[in-house]
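Here are my notes for your first read-through. Keep the structure open beside them and find each residue as it comes up.

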Amino acid sequence: MKLGKYDIGPRIFSSIGKLLRTKENLSFAQIRLSHIIYLLPFALIIMLLDSRNLYFLPKNNFMGIDALTTAYASYAVGTITVLLFFMKKHRMGFRIFTVLAASCFLLWLILPEGDFKTLAMFLVQFGIGGGAAYAVYAHVFVLNNAERLLSTFLVTLNYGFIFLRGDGPDALYSIFLPAVLISILTFCVFRFQPSMLSNPSDEVSIEPPKSIYICLTVPFAFHTIQSFGEVLVNNFTTGSNDVRGIGLIVAVLLALVIQFGFRRNVWYMLNFFLVFTLLGTTLIAIPANPDVQSIGKLLFGMGDGLGFMTTFYIIGMIKKYRNFKFFWIITTAVTLELIVAILAADSVFRFWQDALSLITIGVTFLYLCFVMFFSPAFQRNIFDSDWIDDFSKPDMTYIMKKIDEVDKFAGLKLSPREKEVTLLLLRGLTARQIAASIGVMESTVNGYCKTLYRKLNINSRMELFARFGIIEDHREVGIGFKPE
């Protein structure tokens with residue numbers, strides 16, 4: 001079967017084959033208790049954002065504008081403000097925005113109903129939005145893969161319980177919940193160590209390949225599909241949303257099985273997200289059938305949860321390059337994608353309401369096709385790229401930390417990739433074997449070798465062995481290395 005110049009059948013089977021062969025090496029043992037204070041802020045801030053309509057209960061509008069929409073805009077402005085002006089002031093900036101959110105929340109509690117009370121909550125949202133940029137930085141550069149995935153589990157579970165709780169304000173959710181979340185956030189932020197949030201230096205940063213930016217289609221797909229689906233669910237279905245909450249909780253359980261049970265790759269989650277969302281939105285679009293729509297909500301909830309976890313897990317790829325500019329570009333792009341997706345969904349609902357269902361289904365289907373077989377570039381730059389190796393092996397941070405503890409690399413100014421190549425050289429691998437191991441060209445490995453030889457002031461691999469105190473006779477150390 002062909003579509004244009006594409007032979008769809010083989011392309012589908014090729015994609016599925018690559019997906020089945022991908023694996024990861026995650027385990028709960030990789031979650032470090034000492035890093036909980038860096039894991040929680042991202043989860044807490046998204047929880048505050050998701051539960052905003054439970055505790056932020058203004059009148060219908062603020063100065064003629066829908067208050068909840070304005071609150072979300074305040075959150076977005078806070079994030080953009082930090083990204084544009086204060087991003088490099090991590091520890092101090094995070095503290096300032098957190099204190100702003102906490103103090104304005106206290107002000108919101110004591111003020112009488114009215115515009116000033118609503119304005120105080122806008123400032124809370126502005127502070128939370130600014131903190132979100134710093135929280136994502138810690139999410140990327142401080143956490144490892146298992147910790148990063150755990151934080152997305154917490155957010156998705158909370159979102160599911162919000163739907164299970166049902167509608168209507170009460171003291172528990174309108175006062176106690178946000179107060180606890182903001183208090184824990186403040187505690188964590190003021191426990192941050194300066195060294196953990198330092199900017200990556202030029203010596204250790206790596207310029208990412210241009211092809212990696214194709215991965216921005218993942219958050220763009222999630223934000224677009226989620227925004228359109230949210231409008232669809234809220235305005236074109238009847239009955240309780242409890243079943244959607246169940247779907248979100250099931251998504252977490254499914255991700256646990258995929259990632260920690262079978263140790264399969266994150267691309268399983270990406271494809272399940274698209275498939276479940278496509279089925280869910282299709283069933284929701286069927287009019288006047290509450291039972292079918294309930295199944296659609298369940299599937300949409302599962303897809304929504306898997307989409308969120310996939311998006312913010314895969315953003316961890318930024319860590320590999322230790323490049324602040326790359327982080328800034330990706331974070332800014334994802335924030336702008338979210339704003340564009342929300343505006344697009346709102347515009348379609350206002351002006352082309354009858355076409356909303358078809359647009360939501362069409363966008364999801366086209367992206368699924370794009371991922372599976374329409375784009376050779378997507379396949380090449382995902383499954384065959386070197387950065388995806390970090391999702392299929394233990395975080396190299398552990399190895400580097402151990403090396404630094406014994407002062408092997410201290411003061412040598414080697415980049416993370418150069419350290420990785422050095423470790424593989426010390427294990428006795430050839431340039432070709434190293435290239436296959438880290439997913440780059442053999443010529444690239446030779447380039448790394450020349451650079452690190454120059455930095456170490458050596459001329460051969462035997463001198464490299466001597467430099468790190470390894471026995472020169474490879475037969476004694478059993479590494480199977482034949483000197484060049």
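1. **Contacts and overall make-up.** A contact here means heavy atoms within 4.5 Å. Take the contacts in the protein with a separation of 6 or more: residues 24 or more positions apart account for 80% of them. The protein has 21 helices and four strands. Of its 484 residues, 54% are buried.

2. **Confidence.** Remember that this is a predicted model. The average pLDDT is 78, and 77% of the residues score at least 70. Over residues 1–6 the pLDDT stays under 50, and the model gives them 11 contacts beyond four places in sequence. Residues 471–484 also have a pLDDT below 50, with 21 contacts beyond near neighbours in sequence. Where pLDDT is low, the predicted coordinates should not be read in detail.

3. **The cores.** In soluble globular proteins, nonpolar side chains tend to be buried together. The largest nonpolar core in this model has 101 residues. Which residues have the most contacts inside it? They are Met87, Met309, Ile318 and Phe327. Helix α6, residues 115–141, gives this core its largest share, 14 residues. Another core lies apart from it and has 22 residues, including Leu412, Val421, Leu426 and Ala431.

4. **Phe327 and its partners.** Look at Phe327 next. Set aside its neighbours within four places in sequence. Phe327 is then in contact with Met87, Ala133, Val136, Tyr137, Val140, Phe141 and Ile318. Met87 and Ile318 are also among the residues with the most contacts inside the largest core.

5. **Helix α13.** This helix runs over residues 324–351 and has 28 residues. From first C-alpha to last it reaches 40 Å, close to the 40 Å expected at 1.5 Å a residue. What caps its N-terminal end? Asn323 does: one of its side-chain oxygens lies 3.0 Å from the backbone nitrogen of Lys325.

6. **A buried glutamate.** Glu147 sits in helix α7, residues 145–165. Is it buried or exposed? Glu147 counts as buried, because its relative accessibility is 1% and the cut-off for buried is under 20%. Its side chain makes a polar contact with the side chain of Arg32, at 2.8 Å. Not counting residues up to four places away in sequence, Glu147 touches Gln30, Ile31, Arg32, His35, Leu39 and Val142.

7. **Ala43 in helix α2.** Helix α2 covers residues 36–50, and Ala43 is found there. Ala43 is buried, with a relative accessible area of 1%. Beyond residues up to four places away in sequence, Ala43 touches Ser151, Leu154 and Val155. Ala43 and Arg148 are 105 residues apart along the chain, yet 9.8 Å separates their C-alpha atoms.

8. **Ile184 in helix α8.** Ile184 lies in helix α8, residues 171–189. At 34% relative accessibility, Ile184 counts as partly exposed. It touches Leu40 and Leu44, leaving out residues up to four places away in sequence. Along the chain, Ile184 and Pro41 are 143 residues apart; their C-alpha atoms are separated by 8.3 Å.

9. **Helix α17.** Just after α17, Gly428 takes a positive phi of about 95°.

10. **Asn457.** Asn457 has a positive phi of about 60°, although it is not a glycine. Where is Asn457? Its place is in the loop between α19 (442–456) and α20 (461–467). Asn457 counts as exposed, at 70% relative accessibility.

11. **Cysteines.** A disulfide is a covalent bond between the sulfur atoms of two cysteines. How many disulfides does the model have? The count comes to zero. Cys104 is buried, with a relative accessible area of 7%. Cys188 is buried too, at 2% relative accessibility.

Note on methods:
Residues are numbered from 1 along each chain as its sequence is written. Side-chain values use heavy atoms; hydrogens and water are left out. Helices (H or I, at least four residues) and strands (E, at least two) are DSSP runs, numbered from the N terminus. The expected span of a helix is 1.5 Å times one less than its number of residues. A polar contact is a pair of N or O atoms within 3.5 Å; within protein, one must be able to donate a hydrogen and the other to accept it, and residues adjacent in sequence count only if both atoms are side-chain atoms. A nonpolar core is a set of buried Ala, Val, Leu, Ile, Met, Phe, Trp, Tyr and Cys residues joined through side-chain atoms within 4.5 Å. Buried means under 20% relative accessible area, exposed over 50%, partly exposed in between (1.4 Å probe, protein chains only). A disulfide is a pair of cysteine sulfur atoms within 2.5 Å. pLDDT is the predictor's confidence in each residue, from 0 to 100.
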